[in-house]
Amino acid sequence: LPERLILARQRHLSHAAFLELVLADEATRRDTSSAARRARDAGLDPSMHLEAWDETAAVRYDRTLWADLTSLRFLDGPHGALLLGAVGVGKTHLATALGHIAVRRKIPTLMLRADSMFKRLRASRLDNSTEAELRRLAQVRLLIIDDFALQPMDATATADFYELIVARHQKAATVLTSNRTPDEWLAIMTDPLLAQAAVDRLTSTAHELVVEGQSYRRRQKPSVDS
């Protein structure tokens with residue numbers, strides 16, 4: 001308020017203009033607070049937003065495709081996005097940034113690490129809430145699954161993945177990050193038929209952004225001064 005009073009005197013603002021300025025400040029504060037709360041509820045890392053992405057990083061990817069993804073036009077399809085690449089190239093950051101853009105636009109969003117999602121679905125069988133949990137995951141407009149296919153998937157995880165993809169196919173957008181290509185996913189799933197059916201549905205409606213380059217973690221390795 002003191003800063004706004006000084007500004008009002010410097011610019012000789014009318015009472016109405018001053019009130020409009022203060023109310024705009026409050027609206028901005030509320031929007032920012034609301035977006036932060038939605039991002040937290042969505043499971044998004046607060047530090048991994050688009051503005052924090054290092055455009056000078058030593059990684060290569062299709063900048064035109066990435067610009068299109070940040071517009072979130074793919075949600076209208078609804079289509080999805082596969083962010084693929086080696087460890088440490090920034091796939092999680094890019095996927096999280098898309099989530100932040102979505103929550104700022106008040107789009108229902110949820111981000112989960114793949115292993116946590118499958119553990120949660122497995123645990124839901126203990127209280128017979130699997131159907132409700134799958135329905136919750138299926139209905140969110142933007143679902144981001146991070147670190148998919150890091151490890152072999154047993155029959156239960158494969159079946160859950162199939163059910164989830166079928167439920168979301170052409171109804172909601174799914175963004176997925178992985179160190180493996182879709183062809184490699186098939187090899188680590190237990191049921192080949194369910195795996196093929198799920199992967200085919202997912203890849204047929206997804207943009208594929210391949211990120212190549214050196215791990216940023218290696219670039220952050222501390223050096224010893226000689």
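The legends below describe several views of one predicted protein model.

Residues are numbered from 1 along each chain as its sequence is written. Local features need pLDDT of at least 70 and side-chain atom pairs count only at pLDDT 80 or more, while totals for chains, interfaces and linings use all residues; side-chain values use heavy atoms, with hydrogens and water left out.

**View 1. The whole protein chain.** The chain holds 10 helices and 6 strands, taken as DSSP runs numbered from the N terminus (helices: H or I, at least four residues; strands: E, at least two). Its C-alpha trace spans about 75 × 55 × 35 Å along the principal axes. Of the 226 residues, 42% count as buried, that is, under 20% relative accessible area with a 1.4 Å probe, protein chains only. Among contacts (heavy atoms within 4.5 Å) with a separation of 6 or more, 83% are between residues 24 or more positions apart.

View 2. Six strands form an open sheet with mixed pairing, in the order β1-β6-β2-β5-β4-β3; two strands pair if DSSP finds at least two bridges between them. At the edges are β1 (59-60) and β3 (109-113), each of which pairs on one side only.

**View 3. Strand β3, strand β4 and helix α7.** β3 pairs with β4 (residues 142-148) in the parallel sense, over 5 bridges. Met111 has Ile144 in β4 as its bridge partner. Helix α7 (residues 155-168) packs on the sheet and touches β4 and β5 (173-178). The direction of α7 makes about 150° with that of β4, where axes are lines fitted to C-alpha atoms, for helices over the stretch in contact, and angles run from 0 to 180 degrees between N-to-C directions.

**View 4. Strand β2 inside the sheet.** Strand β2 (residues 80-85) is largely enclosed by the rest of the structure, because 6 of its 6 residues are buried. Gly80, Leu82 and Leu84 lie on one side, and Ala81, Leu83 and Gly85 on the other. In a regular strand the side chains alternate between the two faces of the sheet. β2 runs parallel to β6 (residues 206-213), joined by 6 bridges, and pairs with β5 in the parallel sense over 4 bridges. Ala81 has His207 in β6 as a bridge partner and stands opposite Val175 in β5.

**View 5. Val59 in strand β1.** Val59 lies in β1 and counts as buried because its relative accessibility is 6%. Val59 and Gly213 are 154 residues apart in sequence, yet their C-alpha atoms are 4.3 Å apart in space.

Terms used
Buried means under 20% relative accessible area, exposed over 50%, partly exposed in between (1.4 Å probe, protein chains only).
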